[in-house]
Amino acid sequence: MLIIGIAGGTGSGKTTVVNKIINSLPPGEVAVLPQDSYYKDSSHIPPEERSKINFDEPAAIEWTLLVDQLRQLKAGKTIQVPTYSYLTCTRQEATVEVEPRDVVIVEGILVLNDPTLREMMDVKVFVDADADDRLIRVIARDCVERGRTPMTVINRYQDVLKPMHSMYIEPSKRYADLIVPQGGNNKVAVNLLTDYIEARLRKAKLSGGGCKCDAKE
């Protein structure tokens, strides 16, 4: 199993990179664990207070659950990934079944911040993008998917996203094995990454057994 961590600021193009990796490989070879699925449950907090939750700091994530489920996948076990609603800011009852695959992608803005999680990754990727481009994508996404107004998104960007990016996300770039500038639009960097993944999978299959990878070899 090849475990890939893909981090980067909100709206940087991480999802685009993930989809290009998935589309470059045969169907069924990639499983994705989104960091957003592991936000701590906030159902015990009054609804009017939930909108004030800071989702862009490491304390918002249940890292122990993410690490435990990743270990289960690595051990060949099927897991039940939690789901989270941004509309209610609560964890949902429904889960998503994820089976072990040759490639497991752990994706999210903060996935390079947790040292235990980093140690489990064979390849660490940071998707970089201009701040203005990220803001435009965030406005478009949050207005459509999360029912927010443009002004609400801009205020949250200034008050939360921007300072948290500077404090936690940008510094995690130093842990990356590969930095992808210009987000998912950087075809050269994305192709290099997918070519590397395909080469590692071919090598593992030729040697027989699962993919036991060391990205630094």
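User: In this predicted model, is Asp56 buried or exposed?
Analyst: Asp56 lies in the loop between α2 (47-50) and α3. Its relative accessibility is 3%, and a residue is called buried when this value is under 20%. Asp56 therefore counts as buried.

User: Which residues are in contact with Asp56, leaving aside its neighbours within four places in sequence?
Analyst: A contact requires heavy atoms within 4.5 Å. With the neighbours within four places in sequence left aside, the contacts of Asp56 are Thr10, Ile109, Leu110, Arg156, Val160, Leu161, Met164 and Tyr168.

User: How does Asn113 count in terms of accessibility, and where is it found?
Analyst: Asn113 is found in the loop between β5 and α4. Residues under 20% are buried and those over 50% are exposed, with partly exposed in between. Since Asn113 has 22% relative accessibility, it counts as partly exposed.

User: What is the distance in space between Asn113 and Pro58, C-alpha to C-alpha?
Analyst: Leaving aside neighbours within four places in sequence, Asn113 is in contact with Pro58, Arg118, Tyr168 and Ser172. In sequence, Asn113 and Pro58 are 55 residues apart. In space, their C-alpha to C-alpha distance is 7.3 Å.

User: Is Met151 buried or exposed?
Analyst: Met151 also lies in helix α6. The C-alpha atoms of Met151 and Ile139, which are 12 residues apart along the chain, are separated by 8.8 Å. With a relative accessibility of 52%, Met151 counts as exposed.

User: What is the phi of Cys89?
Analyst: Cys89 is placed in the loop between β3 and β4 (90-98). At 7% relative accessibility, this residue counts as buried. Although Cys89 is not a glycine, its phi is positive, at about 60°.

User: Which residues does Leu117 touch, not counting residues up to four places away in sequence?
Analyst: Leu117 is one of the residues that touch the most other members of the largest nonpolar core. Not counting residues up to four places away in sequence, Leu117 touches Trp63, Leu66, Val67, Leu70, Val106 and Val111.

User: How are helices α1 and α7 oriented to each other?
Analyst: Helix α1 (residues 14-24) and helix α7 (residues 187-207) have axes 10 Å apart and pack at an angle of about 45°. Their crossing is right-handed. An angle under 35 degrees would be roughly parallel, and 65 to 115 roughly perpendicular. The two helices α1 and α7 are therefore oblique.

User: How do the residues of the contact of α1 with α7 divide into nonpolar, polar and charged?
Analyst: On α1, the contact is made by Val17, Lys20, Ile21 and Ser24. On α7, it is made by Val190, Leu193, Thr194, Ile197 and Glu198. These residues divide into 5 nonpolar, 2 polar and 2 charged.

Technical notes
Residues numbered from 1 in each chain as written. Predicted model: local features only at pLDDT ≥ 70, side-chain atom pairs only at ≥ 80, totals over all residues. Heavy atoms only, no water. Axes fitted to C-alpha atoms, helices over the stretch in contact; angles between N-to-C directions. Helix = DSSP H or I, 4+ residues; strand = E, 2+ residues; numbered from the N terminus. Parallel < 35°, antiparallel > 145°, perpendicular 65-115°, else oblique. Left-handed = near helix turned anticlockwise from the far one by under 90°. Nonpolar A, V, L, I, M, F, W, Y, C, P; charged D, E, K, R; others polar. Core = buried A, V, L, I, M, F, W, Y, C linked by side-chain atoms within 4.5 Å. Buried < 20%, exposed > 50% of the residue type's maximum accessible area, 1.4 Å probe, protein only.
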